[in-house]
Amino acid sequence: MNVEIVQFPALAVIEHYGSPLLENNTLNKFIKWRQESNFLDSQKYQSYGIHYTNPNTTPLSGHHVDFAISINCTIPSNDYGIINKKITQLRCAKARDIGSRENNQAIIYLLETWLPQSGERIENFPPIFHYVNVGLNIQPQEMITDVYLPLA
């Protein structure tokens with residue numbers, strides 16, 4: 001496993017709190033804002049998820065994930081709740097997952113296999129998921145996600 005020092009871009013974020021079953025509602029609001037704001041180019045505005053909790057082990061009311069795109073401007077106040085956020089520079093272990101985002105194997109590998117053998121410790125910051133390819137035409141088996149596990 002290769003460990004990198006990562007500089008993440010500034011982000012436009014919509015925060016999701018609550019049931020993972022309602023994440024699509026949050027994503028749909030985010031997509032609508034992107035369409036109205038003309039932030040559609042997925043190469044220029046790369047997609048990220050910052051997963052503060054594990055939906056499999058967190059009570060539904062405590063679940064929190066941020067959905068984001070890279071951006072280089074200040075987001076004005078808006079009706080969608082989109083805000084600017086910045087991730088500090090982090091030292092991360094990175095693994096790539098190819099396949100459905102609903103069954104990400106890279107995070108499982110990093111946490112259950114790589115981390116215990118690495119001698120590393122997790123930083124007090126959630127895993128970051130970079131959704132490399134997004135869009136309606138991407139089939140689940142073709143989805144690419146880079147997972148960054150912040151290290152102390």
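Residues are numbered from 1 along each chain as its sequence is written, and side-chain values use heavy atoms, without hydrogens or water. In this predicted model local features need pLDDT of at least 70, side-chain atom pairs count only at pLDDT 80 or more, and totals for chains, interfaces and linings use all residues.

I start with the core. A nonpolar core here is a set of buried Ala, Val, Leu, Ile, Met, Phe, Trp, Tyr and Cys residues joined through side-chain atoms within 4.5 Å. Buried means under 20% relative accessible area, exposed over 50%, and partly exposed in between, with a 1.4 Å probe and protein chains only. The largest such core has 13 residues, and Ala12, Phe30, Trp33, Ile69 and Ile82 touch the most other members. Two or more residues each come from β2 (11-17), α1 (23-37) and β4. The largest share, three residues, is from β4. Helices (H or I, at least four residues) and strands (E, at least two) are DSSP runs numbered from the N terminus.

Beyond neighbours within four places in sequence, Ile69 has contacts (heavy atoms within 4.5 Å) that include Ala12, Phe30, Trp33 and Tyr45.

Next, the cysteines. Cys92 is buried, at 0% relative accessible area, whereas Cys73 is partly exposed at 32%. Disulfides, meaning pairs of cysteine sulfur atoms within 2.5 Å, number zero in the whole structure.

Last, Ser77. This residue sits in the loop between β4 (64-70) and β5 (83-85). Ser77 counts as exposed because its relative accessibility is 79%. Its C-alpha atom is 30 Å from that of Val147, which is 70 residues away along the chain.
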